[in-house]
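Keep the structure open beside the text.

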Amino acid sequence: MQQLLESLGPVTAVIGAQWGDEGKGKAIDLLAEHFDVIARACGGANAGHTIVVQGKKHVFHLLPAGSLHENKTVFLGSGMVIHLPTLLEEIETLRQAGVDIVPRLRLSEGAHIVFDYHKDIDGVTEERRAKATGGKIGTTKRGIGPAYTDKAARTGMRLGDLKSFGASSAALRKELGWRAKLANAQFGVFIDTKKEEQHLLQAWELLRDRIVPMRTILDDLDKKKRILIEGAQATLLDLDHGTYPFVTSSFTTAAGAMQGLGLPPRALTSCIGVAKAYCTRVGEGIFPTEVEGETGDRLRERGGEYGATTGRPRRCGWLALDDLDYAARLNGCTHWNITKLDVLDEEAEIPVGVATENGKATFEKLSGWKSPTRGMRDFATLPAKAQEFIRFIEGRTKVPVALIGTGPGREEMIIR
Ligand code: IMP
């Protein structure tokens, strides 16, 4: 571990290399205790990572997976869009379990607010798209796209705005009023301004002292604090560089994370790309290495590939090395964390996508190892074929695999 930490340096980003749900939370959880600040840069409520608090499982969407580590500052950056009732709910869940995260929570004043009506607009837009084209994006319906639309159109509301009118209901009502008219005219959605106002006032009450200037994170950098950046969603869902339009509305790459946090690009000392040993996707869009039928079902069952909140089955397929190579180059990955290796334990043959042309993947077939790797913690004890699989990834992407997940448990990880 010490060697890994030294190679990471003080500012590390953990970035998904595929279409999300790679299991970034576990690497974050493992590394968090060695950092001072755990930060989320972009995106809104994600599909959810499970945090076990006092033996009870909770699904979190906004707070980073490293939030439970005592004494760590948790920073939500300017690039984020935050649904305040969800944040309050997560804070309350932790409080009931005896963890008071509020004193160590910092919310950038530049982060935007996701209102309930953004969720409604998300739903209406998906419906209209489906009606007109027969297809959808398959969004999470959490209002992410509409909140970023407002941000870009400069009709959004930021956490910092609460400072100027947070205490005044009249000022808030005025601000919400004209937005309600606009959203109603554009999308026909009804905005319950009273309810939205109540949400804002509740959040203001609890979090007024936790909303900090955008440059606070730069002060952390100056003070030589170690900063762990938890990427949200993943590279192929990036608004600029992903599989548009089947992407999220934020910048999910390492560069996007630095922009979202307000840190200079050169401050990043390392980037851990996280990829499953196979691949999954939720929502619509291309997936050249997708496998349906019996094999897809087997991967789904063995990998437990169902949404943490929705229970929605994920599409499953084989690893695409050309995508990993792209993610490595785009993010400047210095390390890989390959997760869920043990899901492949029973495969006799493991096809790996190595190139894509006209939406079709070309595969190379590797031999499976057909023996359990679950819970292994030492690379040398992995079956030879599993070692070969890892070396194959390293050879093609020119990035070393530093972490290998061998099961869902915290300890089930090989650190090289
Ligand atoms: P949105 O971010 O809700 O607008 O969804 C846009 C696309 O990103 C859809 O295909 C979603 O399924 C996908 N997506 C958004 N968040 C996550 C996530 O946390 N994990 C995996 N896919 C996600």
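This is a predicted model: local features need pLDDT of at least 70, side-chain atom pairs count only at pLDDT 80 or more; totals for chains, interfaces and linings use all residues.

Helix axes here are lines fitted to C-alpha atoms over the stretch in contact, and angles between their N-to-C directions run from 0 to 180 degrees. Helices (H or I, at least four residues) and strands (E, at least two) are DSSP runs, numbered from the N terminus. Residues are numbered from 1 along each chain as its sequence is written, and side-chain values use heavy atoms, with hydrogens and water left out.

| Helix pair | Axis distance | Crossing angle |
|---|---|---|
| α4 and α5 | within 7 Å | roughly 110° |
| α3 and α8 | within 9 Å | roughly 45° |
| α12 and α13 | 9 Å | about 55° |

Start with α4 and α5. At roughly 110°, they are roughly perpendicular to each other; angles under 35 degrees count as roughly parallel, over 145 as roughly antiparallel, 65 to 115 as roughly perpendicular and the rest as oblique. Their crossing is right-handed, a label used when the near helix is turned clockwise from the far one by less than a right angle, with left-handed for anticlockwise. On the α4 side the contact (heavy atoms within 4.5 Å) uses Tyr 117, His 118, Ile 121 and Asp 122, and α5 supplies Ile 144, Pro 146, Ala 147 and Asp 150. Sorted by class, that gives five nonpolar, one polar and two charged residues. For these classes, Ala, Val, Leu, Ile, Met, Phe, Trp, Tyr, Cys and Pro count as nonpolar, Asp, Glu, Lys and Arg as charged, and the others, Gly among them, as polar.

In the loop between α4 (116-133) and α5 (144-153) sits Lys 141. Its phi is near 60°, a positive value in a residue other than glycine.

Next come α3 (residues 84-96) and α8 (residues 193-207), which are oblique to each other and pass in a left-handed crossing. Leu 84, Pro 85, Leu 87, Leu 88 and Ile 91 of α3 meet His 199, Leu 200, Gln 202, Ala 203, Leu 206 and Leu 207 of α8. What kinds of residue make up this contact of α3 with α8? There are nine nonpolar and two polar residues, and no charged ones.

An automatic or database assignment sets the domain bounds, dividing the chain into domain 1 (2-108 + 213-415) and domain 2 (112-212). Their C-alpha centres are 28 Å apart, and 37 residues of domain 1 are in contact with 28 of domain 2. About 2600 Å² is buried between them, 63% of it from carbon and sulfur atoms; buried area is the accessible area (1.4 Å probe) that two parts lose on being put together, summed over both. In domain 1, Val 81, Leu 84 and Leu 107 lose the most area to domain 2, together 23% of what that side buries.

Finally, look at the peptide bond from Tyr 244 to Pro 245: it is cis, with omega near 5°. Pro 245 belongs to the loop between β9 (227-230) and α10 (254-261).
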